[in-house]
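User: I want to learn how to read a few features in a protein model. Take me through them one at a time.

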Amino acid sequence: LMRWMSGLMLSRPPHFHTDIKMIRLMVHEANRVYSDTLGSEEDLSTYRCMLQETLRRMLGKRLSVDHALEHPLVFTAFPLGPIGVTPRTSAYEEYKTISG
């Protein structure tokens, strides 16, 4: 639970001003902390079902579960400021596209 909360604490109000964005961050962190440690496809399937059911109960009809789980679901923090200098802050942001 502490690792999940640590990830959530990286969010900053200017970047997370909508409910769905915060929920997507919560799902991202849950996936990072919990599903990444599961060893079998059966366990992953059980986790995904539990996550979807929890989101349905939590969101009701206010927000879309499909939108909350839409891929890619990637958040990351990049230091702000010049390389080699202690960063002023980190911006934890969602990335909708990933290119190589």
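User: How many residues does helix 2 have, and what is its reach?

Analyst: This is a predicted model: local features need pLDDT of at least 70, side-chain atom pairs count only at pLDDT 80 or more, and totals for chains, interfaces and linings use all residues. Residues are numbered from 1 along each chain as its sequence is written, and side-chain values use heavy atoms, without hydrogens and water. Helices are DSSP runs of H or I, at least four residues, and strands are E runs of at least two, numbered from the N terminus. The expected span is 1.5 Å times one less than the number of residues. Helix 2 (residues 19-33) has 15 residues and reaches 21 Å from first C-alpha to last, close to the expected 21 Å.

User: Which residues of helix 2 are buried?

Analyst: Buried means under 20% relative accessible area, exposed over 50%, partly exposed in between (1.4 Å probe, protein chains only). The buried residues of helix 2 include Ile20, Lys21, Ile23 and Arg24.

User: How is an aromatic pair read, and how many are there?

Analyst: A pair of aromatic rings is described by the distance of the centres and the angle of the planes. Rings of Phe, Tyr and Trp (its six-membered ring) pair with centres within 6.5 Å; planes under 30 degrees apart are stacked, over 60 edge-to-face, the rest tilted. The whole structure has one aromatic pair. Phe16 and Phe75 are stacked, 5.9 Å centre to centre, with 25° between the planes.
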